[in-house]
Amino acid sequence: MQDFIQHIINGVSLGSIYALIALGYTMVYGILKMINFAHSDVYMVGAFAAYYFARFLGIENNPGIATLITLLVVAMVCCSLLGLAIERLAYRPLRKAPKLNILITAIGVSLFLEYSGQVVFGADPKVFPEVMKDFVLFKIGDVELKSFDITVLLVSVIAMLALEFLIFKTKIGRAMRAVSSNASVASLLGVNPDRIIAFTFIVGSSLAGVGSVLVGMKYPKIDPLMGMMIGLKAFVAAVLGGIGNVGGAVLGALIMGLSEEMVVAYLSSTYRDAFAFGILIIILIFRPAGLLGKYSVEKV
Amino acid sequence: MSDVLLEAKNITMQFGGLKAVDSLAFQVKQGQLAGLIGPNGAGKTTVFNMLTGVYQPTSGAVFLEGQSLQGLKPYEISHRGVTRTFQNIRLFKGLTVLDNVLIAGHQHMRYGLFAALLQTPHFLQSEKDLHDKAMELLKIFHLDTKAHEPSCSLPYGEQRKLEIVRALATDPKIILLDEPAAGMNHSETHHLMETIAKIRDQFKLTVLLIEHDMKLVMGICENIIVLDHGIKIEEGTPQKVQGSQKVIEAYLGVEEGL
């Protein structure tokens with residue numbers, strides 16, 4: 001029983017990291033109806049930005065809250081700027097182009113970032129700065145609550161609550177929902193869709209930045225292709241929850257994190273990825289719109 | 001010149017080989033309730049799309065208070081005070097009735113992102129003002145009790161009204177109504193027209209409306225522009241338009257000599 005609870009905690013911790021990245025996919029999809037394949041590489045750049053900045057400040061072996069916050073801010077700022085640049089330079093010129101062109105461009109941007117990363121950062125893995133010491137924070141029975149998991153949970157929950165507030169309580173959030181619902185009408189009511197789209201990229205990318213530091217803390221080996229697998233899984237999580245639906249992305253990510261942890265714990269770690277993509281296939285067959293997605297039948 | 005609010009100077013819209021609107025010129029005076037009528041496919045909605053920046057006229061230009069709107073994006077034109085409703089209802093379906101109205105009021109709100117995250121008094125006050133104003137507008141159309149319902153759950157007639165409320169919330173100088181009574185029965189239509197006349201007086205608005213139903217336009221419009229195949233065939237008071245041979249021909253067809 002203790003084992004089981006321990007696995008739940010680990011699974012939720014992993015799931016909340018997936019959620020941070022899945023939110024970026026789902027928000028951009030919600031507003032532009034496109035899959036931003038470069039999102040996982042924005043996440044990778046966030047990790048490297050934090051790595052180099054920590055070395056620059058000489059705080060790579062200086063674990064503590066201050067280091068954590070500094071690196072979170074650095075990764076968020078760098079990711080937002082990169083996300084903004086990608087939107088401005090790669091996607092905006094194609095706003096009126098067919099969806100397929102934008103999709104292919106997104107794949108291109110993704111490959112560009114991955115291989116530029118190998119040239120600029122080097123293909124060899126780097127060791128992420130020690131953000132925090134991993135120690136047992138609480139012990140309830142035999143269940144250990146470690147500082148890493150608590151940090152991951154706390155930071156993700158704060159980030160998601162901030163996002164929730166932003167989307168549902170502020171004018172820019174309302175504008176985001178309006179543009180997502182119907183961009184041309186929003187424009188006629190005085191909302192500048194380009195600004196809202198750029199803002200969406202900033203928010204989504206900065207959440208990926210948060211994710212990158214948390215992953216770097218937990219699995220401190222970073223390389224330019226590190227975004228591939230986690231990006232794919234976050235994408236599956238977004239589809240699982242219903243792409244375009246913010247709550248769905250979080251739900252999907254938690255399911256992914258938990259099921260992955262359970263597969264590793266009770267079956268075999270060989271099947272962790274197979275299981276993740278198995279879920280995707282099943283969802284696409286039985287609920288193509290995702291768990292919380294609305295499947296709309298086009299009226300004729 | 002001073003009392004002309006909106007002026008179209010020889011606007012033409014060409015889609016490939018088709019001239020949907022051909023050098024159309026008209027003026028709408030300050031405070032006027034004007035009507036744009038014409039048979040199906042006459043180009044009425046295309047005119048609205050040019051006035052609001054959805055389309056850029058192929059040639060000619062639109063002027064608001066003497067200033068050209070050429071090259072402006074729809075949201076910039078909205079900021080200058082031109083707003084519209086749609087022939088086929090286009091609400092933000094997933095959003096509540098109130099949110100639909102609040103979005104239209106955004107352009108008059110000035111607070112930054114950090115003010116919102118820190119919940120500064122300025123942020124809270126401007127959100128409250130916007131909210132109060134939206135509720136007031138909803139009340140005029142008796143929609144205030146349904147403010148928190150999803151907009152798509154409203155009955156058809158109320159959705160139409162909500163579109164008008166949403167347009168009013170942008171604080172416009174002129175409101176363009178695209179077939180506001182489409183799909184309504186006779187008494188609903190009658191009621192709506194009274195409301196339109198009422199809001200015109202209350203908000204000191206100028207109204208330009210597209211309508212199919214000739215009777216309705218005749219009832220409330222002061223100036224009527226008749227469009228057929230993209231060309232203005234008549235303009236004037238309801239009496240003048242009603243008696244015009246050209247208008248009768250456009251609507252009923254030319255009598256073939258027997």
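**Entry 1: a pair in chain B**

I started with B:Lys146, which forms a salt bridge with B:Glu158, the closest N and O atoms being 2.9 Å apart. B:Lys146 sits in the loop between helix H5 (121-140) and helix H6 (156-168) of chain B, and B:Glu158 sits in helix H6, so the pair ties together parts that are 12 residues apart in sequence. Helices here are DSSP runs (H or I, at least four residues), strands are DSSP runs too (E, at least two), and both are numbered from the N terminus.

I noted that this is a predicted model, where local features need pLDDT of at least 70 and side-chain atom pairs count only at pLDDT 80 or more, while totals for chains, interfaces and linings use all residues. Residues are numbered from 1 along each chain as its sequence is written, chains are lettered from A and ligands numbered from 1 in the order in which they are written, and side-chain values use heavy atoms, leaving out hydrogens and water.

**Entry 2: buried or exposed?**

I looked up accessibility next (buried is under 20% relative accessible area, exposed over 50%, partly exposed in between, with a 1.4 Å probe and protein chains only). B:Lys146 is partly exposed at 23%. B:Arg166 is buried at 2%, and B:Glu163 is buried at 2%. These two form a salt bridge at 3.6 Å, and both lie in helix H6 of chain B, 3 residues apart, about one turn of the helix.

I also found B:Asp201 in a salt bridge with B:Arg200 at 3.3 Å; B:Arg200 counts as buried, with 13% relative accessibility.

**Entry 3: the wider count**

How many salt bridges are there over all chains? I read 21.

**Entry 4: where the chains meet**

I saw 32 residues of chain B in contact with 22 residues of chain A (contact means heavy atoms within 4.5 Å). The two chains bury about 2200 Å² between them, 66% of it on carbon and sulfur atoms. Buried area is the accessible area (1.4 Å probe) that two parts lose on being put together, summed over both. B:Tyr75, B:Phe92 and B:His106 supply 27% of the area that chain B buries against chain A, more than any other three residues.

Between chain B and chain A I noted 2 salt bridges, one of them joining A:Arg177 and B:Asp99 at 3.1 Å, N to O.

Terms used: A salt bridge is a side-chain nitrogen of Lys or Arg within 4 Å of a carboxyl oxygen of Asp or Glu.
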